[in-house]
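This report goes through one protein model, from its overall make-up down to single residues. Please keep the sequence and the coordinates open while reading.

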Amino acid sequence: MKNILVICLLFCSTLISAQSIKRIEIPLPTNSTEYFTIPLQKQGLLVLSQITKTQFSLIRFDTNLEKVWSINGTIDGNLDYVKHSFDGKNIYLLFSRYRSNVYEVIKVNLGPGFIEKFQIVSVDRMEVSDFQAVNASIFIAGVVNSQPVILFTDLNARKTKVLPSALKNQAEIQSMELDTTTNIVNVTYAVGTRGKNFQLVVKSFDEEGKSINQIVMDTQDDFAMMNGRLNLLTDSTQVMFGTYGHKNTIGTSRGPTSQGIYFSKLLDNEVTDLKFHSFTDFKNFFNYLSDKQRLKQEKKIQDKKDKGEDLRLDYRLLVHDIIKKDDKYILVAEAFYADYKYNNYNGFGSPYGYNSFFGSPWNTFYNPYRWGWGYYGLYSPFSSYYSPWGYGNRYYGNQQVFDGWIYTHAIVAAFDEKGNLLWDNSIPLKDVKEPKLIEKVQASIDGDNITLTYSNKGQIYTKTIMRDKTIGELSQKSIDTQNDGDVVKRTTSDQIDFWYDKYFIASGYQRINNDSENAKRNVFYINKVSF
């Protein structure tokens, strides 16, 4: 997959600090309107907002953040925005609601700025976990009665069907990815429960919803592949990266955890060059720890190695798309874990304890069942690997509830064409907590230098590395505001996304005071920045 939202090639700038090019602000209304930015590469930027329960607004900006057009559209009542898909030509927006059989897809024609609305009525009580679209072909993944389901709709023919999985054992959909080069949708399933019966299966579908390929990754000795990202090299050769773990953790209450990274090359669907790299062999994996903690961990690792063993680890990592750079593969992944809190539910409000950290930052109302996948993010909540509850129940007692994802650090590693680990590095993620599981770190490549970047609480953090060496220590810079004298009182839901060339989009919500103007404002901001 060509995920240019994760890693981009910088052709000229070598500056470490963020340089704000331009900023726009959208005043927040009194209701709980949410805004979503959709980068369109050199075609500009789309900003989506839901105005009312039945209306939404779209604004398209060019690469200078100048407004191109704006349009309003309507949706059925009580439907919410779930996700978008961009096939390089058109944007497709999915609206649905929790356990519904009604879905609406809005096709946005970018050039003239007009929309087409399509209603899909299909499987009842489906919990949506993912969505992809290409050339008027729609794929919606989800779960019905604990079984994985993929709906396929041909918008031109107005026909919908359920795609057969042909999987014999219990299965979970882990991810669904669109390869815009080949217009193929790859769906990754975790099949089986534990032990030798567990498999990772990747099924590929063409634009007509036909299954055209299947790759099976079986367990190896004591290890199982937990997730995978597939990259097409030639018509017959693919590579697959992901995390692996001890297969006896599959099916436990905490869910599967990762021991390291695996690499495999697939020739005509046959697995070759399968290699496992434990995080205990990484040079910089534990740098996010304090010096005392890191030395203690390194001693444990060495003690195990002296006995001919490997220290057992307990991590979950969010693996980004792999980038092929010259004769190397570069991988970025973020370590995360679920956080919980105790909620004294007294019959008022939500029993799930969600506060203003979730949903709109200016309104404490939040419905945890708003979407099928709601607060989990871009990765299926029905996969035990990405679910905060693993294979266990959703609650640990009557009062303990899920309270977001905590990120500890991100790693970047390079592998040669045979899957050998060349070098690794890392960046700590300080006090990063998100209600949804998303890719926080962006990595930009300029020759041998890689700049790792993320935003949190109105600050942009960057670190520049050269292979396993640090050439620019972790730096911090506030996101530029619009007026002199602005004082940011609060920033929430801030995020950085790659846009095009050397430019990124920083966006989020801010509450700003300006004493010189005797004014206060609540805004959704969009900053064009470079590094």
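## Basis and overall make-up

The model is predicted: local features need pLDDT of at least 70, side-chain atom pairs count only at pLDDT 80 or more, and totals for chains, interfaces and linings use all residues. Residues are numbered from 1 along each chain as its sequence is written, and side-chain values use heavy atoms, with hydrogens and water left out.

The protein has one helix and 34 strands. Helices (H or I, at least four residues) and strands (E, at least two) are DSSP runs, numbered from the N terminus. Of the 531 residues, 58% are buried. Buried stands for under 20% relative accessible area, exposed for over 50%, and partly exposed for the range in between, with a 1.4 Å probe and protein chains only. Among contacts with a separation of 6 or more, 55% come from residues 24 or more positions apart; a contact has heavy atoms within 4.5 Å.

## Nonpolar cores

A nonpolar core is a set of buried Ala, Val, Leu, Ile, Met, Phe, Trp, Tyr and Cys residues joined through side-chain atoms within 4.5 Å. The largest one has 67 residues, and F241, L317, L331 and I450 have the most contacts inside it. Strand β26 (residues 400–415) gives the most to this core, with nine residues. Apart from it lies another core of 19 residues, including I38, L40, I71 and L79.

In soluble globular proteins, nonpolar side chains tend to be buried together.

Which part of β20 is buried? Ten of its ten residues are. F241, at 0% relative accessibility, counts as buried. Leaving out residues up to four places away in sequence, F241 touches N227, G228, R229, I261, Y262, F263, I322, Y329, L331 and F415.

Two strands pair if DSSP finds at least two bridges between them. Strand β18 (residues 223–225) pairs with β20 in the antiparallel sense over three bridges, and M225 has Y244 of β20 as its bridge partner. Strand β19 (residues 229–232) is also antiparallel to β20, over four bridges, with L232 opposite Q238; a hairpin of four residues joins β19 to β20. Eight bridges link β20 to strand β21 (residues 260–267), again antiparallel, and M240 has S264 of β21 as its partner.

## Aromatic rings

The whole structure holds 27 aromatic pairs. Rings of Phe, Tyr and Trp (its six-membered ring) pair if their centres lie within 6.5 Å; planes under 30 degrees apart count as stacked, over 60 as edge-to-face and the rest as tilted. F241 and Y329 have ring centres 5.6 Å apart and planes at 55°, so this pair is tilted. Because F241 lies in β20 (residues 237–246) and Y329 in strand β25 (residues 328–342), the pair ties together parts that are 88 residues apart in sequence. Y329 is buried, at 2% relative accessible area.

F279, F282, F285, F286 and Y315 form one aromatic cluster.

## A four-stranded sheet

An open sheet of four strands has the order β2-β34-β33-β32, with antiparallel pairing. Its edge strands are β2 (19–27) and β32 (486–500), each of which pairs on one side only. Eleven bridges join β32 to strand β33 (residues 503–514), and Y500 stands opposite Y503 in β33.

## The helix

Does the length of helix α1 (residues 291–306) agree with or depart from 1.5 Å a residue? The expected span is 1.5 Å times one less than the number of residues. For the 16 residues of α1 that is 22 Å, and the end C-alpha atoms are 22 Å apart, which agrees. After α1 comes G308, with a positive phi near 75°.

A136 is not a glycine, yet its phi is positive, about 70°. A136 sits in the loop between β10 (114–134) and β11 (137–144) and is buried, with a relative accessible area of 4%. R467, also not a glycine, has a positive phi of about 55°. R467 is in the loop between β30 (459–466) and β31 (469–478) and is partly exposed, at 38%.

S70 lies in strand β6 (residues 67–74) and is partly exposed, at 39% relative accessible area. S70 touches L58 and I59, not counting residues up to four places away in sequence. From S70 to L46 the C-alpha distance is 9.5 Å, at 24 residues apart in sequence.
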